[in-house]
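Good morning, colleagues. I would like to take a few minutes to go through one model, with attention to charge pairs, helix packing and the surface.

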Amino acid sequence: LSLALELGLMALSVAVAGLGIFLAWRIYGAGRGLAGGEAWARRYPALHRLLVNKYWVDEAYDRLIVRPLRALARFFWKVVDAFVIDRLFVHGFAYVARLTGDIGRLTTTGNVRNYALYFFAGLLLLFWWMVS
């Protein structure tokens, strides 16, 4: 930014701060205390409500940012993590590994004659597949 713009913005911010100090002194100063603030609240109820509620920024942030992100996080937790990752991948692969082991246990006897029979049956299936 140019030096003139920077100095102008600095002067504007100091003026706004000075105006805020002046208004606070007019409302609460000179011995008025909280009674001055209550009188000001009665005189300008809409402005007082706006300032007390902090321009409703927290409520808007909650509705526009926090709630949608909470819903998105809950979706990823319940659907993606619990169902897709845990059930399909983790438990699914564990089931396939256990099933493969159960099938392999039925064929693993330690008897060489059985292994020769499996080999011969595999050769017959290979030849049948190649011919057909």
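**Charge pairs, helix packing and a surface patch**

Let me begin in helix α4, where Arg105 and Asp102 lie 3 residues apart and are therefore separated by about one helical turn. Please keep in mind throughout that this is a predicted model. Arg105 and Asp102 form a salt bridge, and their closest N and O atoms are 2.2 Å apart. As for solvent, Arg105 is exposed, at a relative accessible area of 57%, while Asp102 is partly exposed, at 33%.

In general terms, side chains of opposite charge can pair when their charged atoms come close. How many salt bridges does a search of the whole structure find? The count is 3.

Another of these joins Arg67 to Asp62, with 3.0 Å between the closest N and O atoms. Arg67 has a relative accessible area of 44% and is thus partly exposed. Asp62 is also partly exposed, with a value of 24%; the cut-off for buried is under 20%, so Asp62 does not count as buried.

There is also the salt bridge between Asp58 and Lys54, in which the closest N and O atoms are 3.5 Å apart. Asp58 is partly exposed at 47% relative accessibility, and Lys54 is likewise partly exposed at 48%.

I turn now to the packing of helices. Two packed helices are described by the angle between their axes and the distance between the axes. Here the pair is helix α2, residues 33-43, and helix α3, residues 45-52. Their axes come within 5 Å and cross at roughly 115°. Are α2 and α3 roughly parallel or roughly perpendicular to each other? Angles of 65 to 115 degrees count as roughly perpendicular, and α2 and α3 are therefore described in that way. On the α2 side, the contact is made by Trp40, Ala41, Arg42 and Arg43; on the α3 side, by Pro45, Leu47, His48 and Leu51.

Finally, the surface. Which residues form a nonpolar patch there? The members are Tyr61, Leu64, Ile65, Leu69, Leu72, Phe75, Phe76 and Val79. Together they present about 780 Å² of accessible area. Let me take Ile65 as one of them. Ile65 is found in helix α4, which spans residues 57-107. With a relative accessible area of 36%, Ile65 is partly exposed. Patch membership requires over 30%, so Ile65 passes that cut-off.

Thank you for your attention.

Technical notes. Residues numbered from 1 in each chain as written. Predicted model: local features only at pLDDT ≥ 70, side-chain atom pairs only at ≥ 80, totals over all residues. Heavy atoms only, no water. Patch = residues over 30% accessible without salt bridge, like charges linked within 9 Å, V, L, I, M, F, W, Y side chains within 5 Å. Areas by Shrake-Rupley, 256 points an atom, 1.4 Å probe, with all protein chains shown as cover. Salt bridge = Lys/Arg side-chain N within 4 Å of Asp/Glu carboxyl O. Helix = DSSP H or I, 4+ residues; strand = E, 2+ residues; numbered from the N terminus. Buried < 20%, exposed > 50% of the residue type's maximum accessible area, 1.4 Å probe, protein only. Axes fitted to C-alpha atoms, helices over the stretch in contact; angles between N-to-C directions. Parallel < 35°, antiparallel > 145°, perpendicular 65-115°, else oblique. Contact = heavy atoms within 4.5 Å.
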